[in-house]
Amino acid sequence: MALIVAIIAVSFFVDEPLRRNIEAKMNRHLAGYSVRVPAARFQLFGFAVTLRDLEIRQKSNPEPAVLRVPRLRASVQWKELIFFRLVADFVFEKPNVYMNLPQLRVEMRKTVPLKQRGWQQAFQAIYPLKINLLRIDDGTLTYVDEDPRRPLRLARVNLKASNIRNIHSRKRVYPSTLHAEAVAFDSGRAVLDGHADFLAEPYPGIQVNFQLTDIPLDDVRPVAARSSLIVRGGRLSTSGETEYAPSVQRVHLTDLSIRGIHIDYVQTGSTAPAQGEGGKQAVAEAAKAGPTAPRTELRLDRFRLVDGNVGLVNRKRTPEYRVFVSGTDLELTGWSNQSADNPARATVRGKFMGSGSAEASATFHSGPKGQDFDVKVAIQDTPLTTMNDLFRAYGKFDVAAGVFSMFSEVKVKDQAVSGYVKPLFRDVKVYDSGQEAGKNVIQKLYERVVNVVAKLLENRQRKEVGTVVELQGRIDDPRSSTWQILGGLLENAFFKAILPGFERQAVRRTARAAK
């Protein structure tokens, strides 16, 4: 009994020197961060070390702490002694990881690789044995972008990683088991199961299956805004597999669906940085070299957008306007960013400007010179009054009545573009005395002229105004993605060619009438 009492007494006297030693070693290893360990307890009988209220802060932005751990316990993993391995078991209870945008920017500016920033050495300073079993119980991960009212949060995070101190393995062999689950953005669910190689160089490798269910997307609005996207509502579900290791990076989504999202792409002017001579030369060399396969392999077996509202907002024009398709149902199958034998296929249906029917189909194929694709679009029976902001922006007039339709086919093959856009207007009425109240005389006169020209252009049998815009040219810019190419073609052909083509026809018809 005296011996037991003496051992317990000695363990109490060890606590404070142990706390100071752990805190000093962790601060010595971590670059750009400071560690505070308020309390430490050594338990001689279990050879365990318990830390209380551990805090780690970024020196550049110390508030708030990037990591808070109410209780961290490190002990011998006793069952591994059977295999003559002396390793440790680490348990993090209710850890809270927090990062905001200023802290993230500081981290992104660092040129030192993550491996060399001392995180692994700092936690190994807590306990003399190597970590073999890592558990996180009821953790929280929070990221705050520009809007503190919309944090991105994973709650009730539970993770278990075992057999961490495995021997060095061959490439793409993952001997350690890994399981994690969490509540995503307050109501969604995330589950991850797989394996890892924690000793891979220069960073650990993982191969996991994942499933995300009913993830609300409204909270990603601040992050999406930096990509010129405005997101409202919507829920995401997906499943698939990812492998991320020094020798391979791939993501395979077997199914991805988004329901009820309202998303706009906003044009506010060119945001591309100016290029110096060096930048121009690099682009020229990249163009000569041709496209290269992306380092990360992406595969998407099936993507569905259900009951979406997808739009384009142009703030470069006065007045600004929004063109959209509501009730959007989109399905994309077989897409990959790598060369494939079979093309990806997409179909879209919805209501153009909330009223006219809209249908589109497309095929995408990764060819030797980049992405090749064929797109067909048909828009029919859209009331022209829903497009008045567009007419005001490009033609400085609005309409009182009429119906709009458009048919288009665009093809890109080996960076050569071909196709057409054919807009049709029926029963156009530009000038209306009731609608023109409050406009100046010059504006009223201008709209009368437009109305007369529209009447001159009408097909006498079908009462339609129309023109065809041909698309021909090449795409040799290695910086452009498939979606940028497709979006730019449709914008130039549709938004910018309707009225110029309309005016060219008007000039020719007016000249014939004068003769």
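The accessible surface of the protein chain comes to about 28300 Å², and carbon and sulfur atoms account for 57% of that surface, where accessible areas come from the Shrake-Rupley method with a 1.4 Å probe and, for residues, only the protein chains shown count as cover. This is a predicted model, in which local features need pLDDT of at least 70 and side-chain atom pairs count only at pLDDT 80 or more, while totals for chains, interfaces and linings use all residues. Residues are numbered from 1 along each chain as its sequence is written, and side-chain values use heavy atoms, with hydrogens and water left out.

**Overall make-up**

The protein chain has 515 residues, of which 40% are buried; buried means under 20% relative accessible area, exposed means over 50%, and partly exposed lies in between (1.4 Å probe, protein chains only). Its secondary structure comes to nine helices and 24 strands, where helices (H or I, at least four residues) and strands (E, at least two) are DSSP runs numbered from the N terminus. Among contacts between residues at least 6 apart in sequence, 61% join residues at least 24 apart, a contact being heavy atoms within 4.5 Å.

**The cores**

A nonpolar core is a set of buried Ala, Val, Leu, Ile, Met, Phe, Trp, Tyr and Cys residues joined through side-chain atoms within 4.5 Å. The largest such core holds 52 residues, and the members that touch the most others are F352, L384, M387 and F404. Strand β17 (residues 321-336) gives the most to this core, with five residues. A second, separate core has 34 residues, including V35, V66, A74 and A88. When its neighbours within four places in sequence are left aside, L384 is in contact with F391, V399, A401, G402, V403, F404, F425 and V428.

**Aromatic pairs**

The structure holds five aromatic pairs, which are rings of Phe, Tyr and Trp (its six-membered ring) with centres within 6.5 Å; planes under 30 degrees apart count as stacked, over 60 as edge-to-face and the rest as tilted. Two of the pairs are set out below.

| Pair | Centre to centre | Angle between planes | Class |
|---|---|---|---|
| F352 and F404 | 6.3 Å | 40° | tilted |
| F391 and F425 | 6.3 Å | 50° | tilted |

F352 lies in strand β18 (residues 344-352) and F404 in strand β21 (residues 401-413), so their pair ties together parts that are 52 residues apart in sequence. F391 belongs to helix α6 (residues 388-395) and F425 to strand β22 (residues 416-429), so this pair joins parts that are 34 residues apart in sequence. F352 and F404 are buried, F391 counts as buried at 3% relative accessibility, and F425 counts as buried at 7%. Ring pairs link F352, F391, F404 and F425 into a cluster.

Helix α6 also contains N388, which counts as buried at 9% relative accessibility. Not counting residues up to four places away in sequence, N388 touches F397, D398 and V399, and the C-alpha atoms of N388 and V399, 11 residues apart along the chain, are separated by 6.4 Å.

**A nonpolar surface patch**

L44, F47, W78, L81 and L86 make a nonpolar surface patch of about 480 Å². Patches are made of residues with over 30% relative accessible area and no salt bridge, with like charges joined within 9 Å and nonpolar side chains (Val, Leu, Ile, Met, Phe, Trp, Tyr) within 5 Å; a salt bridge is a side-chain nitrogen of Lys or Arg within 4 Å of a carboxyl oxygen of Asp or Glu. F47 sits in the loop between β2 (39-43) and β3 (48-58), and is partly exposed, with a relative accessible area of 43%.
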